[in-house]
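Here is a friendly walk through one structure, for reading with the model open beside you.

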Amino acid sequence: MSTELLHDLDEVLLMGPGPSMVPESVLKALATPTLGHLDPQFIELMDEIQSMLRDLFRAESGLCLPLSGTGSAGMEATFVNLIEPGDRVLILKNGVFGNRMEDVAGRLQAEVETLDYEWGTPVVPQDLREKLASSAPYKIVAMVHAETSTGVANPAEEVAEILRDNPALYLLDCVTSLGGMNVDVTEWGVDAAYSGTQKCLSCPPGLAPVFFSDKAVDALRSRQSKVPNWYLDVTMLLSYWSGEKRVYHHTAPINMLYGLYAALDLVLTEGLDASFARHRAAHRQLVNGLDAIDLQMLVEEKSRLPMLNAVVVPEGIDEAALRKRLRQEFLIEIGAGLGPLAGKIWRIGLMGHTANPENVDRVLEALEKSVSE
């Protein structure tokens, strides 16, 4: 068999909704010789990854570990471990990934209620306050922090304040936000959170960092029924990820964990605040450049994500044809709109290693040529 197809792959600038560009040091880590999944040196690496994830989530207590699966596995894991049939769940949703939360919780036979918002607009915290005051208690209140389908930053900290004295578990999707904007599970009182490696961590897709607070772990251990998903059962995974003697659960993706270790080292060496500032600077550069060529943003300034930018497609432009031209002529990938925004927006990612001035200049130049011709 020939590997010609691999050798012929284009080197594409990834500026869509993920994956992001992977730095050379992470690619080299992925090529490190494979150890066994119970090798003492690998177990040492596992422990260090957990410590690094605690720093990334700003978790002073609780459980952090990377699940073997993408961010969607992280979503499934947080819900499947915490929901039992009949549990009341409230989801604040304004995009694709809020809808997925609703779907996952419903499949687990939860009693799901939602607060729904127009795509491109943020969750309104006061609505949650009023909903909690007028409803029976919820087991979980869930929200997407950075809604990748629309470019909206939802008010995670304001929601946290409302839930501070509420018995509900606060579950937060951080797939696109982790590493690119502040996520503070301790200060905000988040009980369960999940992310993915392919966004602001600039590691290939395949792992899902998750966090469970002590309160969430207590809820998990007091379940009346078994976790219905064997592969994502955290009560079993704990025996592999902690303790003096590790118990085999599944064969971990060894080399992917090497890559995550290298990626986390890059983020933490740069410093979280410095990373956040770099993402904001790249976002401002992009918005200013888009304005100069008469391209408008979908989301109001105060609610925009720095790492995922929804750009309105002008009248008379074939959005799919433009994306195709960017890929073929300029070797740049940007994303399309989803759901009700399909055909109406482009999604430009400035995530992790992608968020730098040179990349912003390159996509702006390509857009200007493609829109004007």
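## Aromatic pairs

Tryptophan 241 is buried, with a relative accessible area of 4%; buried means under 20% relative accessible area, exposed over 50%, and partly exposed in between, using a 1.4 Å probe and protein chains only. Please keep in mind that this is a predicted model, in which local features need pLDDT of at least 70 and side-chain atom pairs count only at pLDDT 80 or more, while totals for chains, interfaces and linings use all residues. Residues are numbered from 1 along each chain as its sequence is written, and side-chain values use heavy atoms, leaving out hydrogens and water.

A pair of aromatic rings is described by the distance of the centres and the angle of the planes. Searching the whole structure gives two aromatic pairs. Here, rings of Phe, Tyr and Trp (its six-membered ring) pair if their centres lie within 6.5 Å, and planes under 30 degrees apart count as stacked, over 60 as edge-to-face and the rest as tilted. Phenylalanine 57 and phenylalanine 211 have ring centres 6.1 Å apart and planes at 35°, so this pair is tilted. Because phenylalanine 57 lies in helix 3 (residues 40–57) and phenylalanine 211 in strand 10 (residues 207–212), the pair ties together parts that are 154 residues apart in sequence. Helices (H or I, at least four residues) and strands (E, at least two) are DSSP runs, numbered from the N terminus. Phenylalanine 57 is buried at 0% relative accessibility, and phenylalanine 211 is buried at 3%.

Tyrosine 240 and tryptophan 241 make an edge-to-face pair, 6.0 Å centre to centre with 75° between the planes. Tyrosine 240 has a relative accessible area of 0%, so it is buried.

## The sheet and its helices

Seven of them form an open sheet in the order 2-10-9-8-5-3-4, with mixed pairing; two strands pair if DSSP finds at least two bridges between them. Strand 2 (63–68) and strand 4 (111–116) are the edge strands, each pairing on one side only. On average, neighbouring strands of this sheet are turned by 20° against each other, direction ignored. Axes are lines fitted to C-alpha atoms, for helices over the stretch in contact, and angles run from 0 to 180 degrees between N-to-C directions.

Strand 3 (residues 88–93) and strand 5 (residues 140–144) run parallel and are joined by four bridges. Isoleucine 91 stands opposite alanine 142 in strand 5. Helix 6 (residues 125–134) packs on the sheet and touches strand 3, strand 4 and strand 5, with its direction at about 145° to that of strand 4; contact means heavy atoms within 4.5 Å. Helix 10 (residues 234–241) lies across strand 2 and strand 10, at about 100° to strand 2.

## Two buried loop residues

Where is serine 202 placed? Serine 202 is in the loop between strand 9 (192–194) and strand 10, and at 4% relative accessibility it counts as buried. A polar atom of its side chain lies 3.1 Å from the backbone oxygen of methionine 21, and a polar atom of that side chain lies 2.6 Å from the backbone nitrogen of histidine 353.

Histidine 145 is in the loop between strand 5 and strand 6 (146–147) and is buried at 3% relative accessibility. Its side chain makes a polar contact with the side chain of serine 177 (2.9 Å). A polar contact is a pair of N or O atoms within 3.5 Å; within protein, one must be able to donate a hydrogen and the other to accept it, and residues adjacent in sequence count only if both atoms are side-chain atoms.
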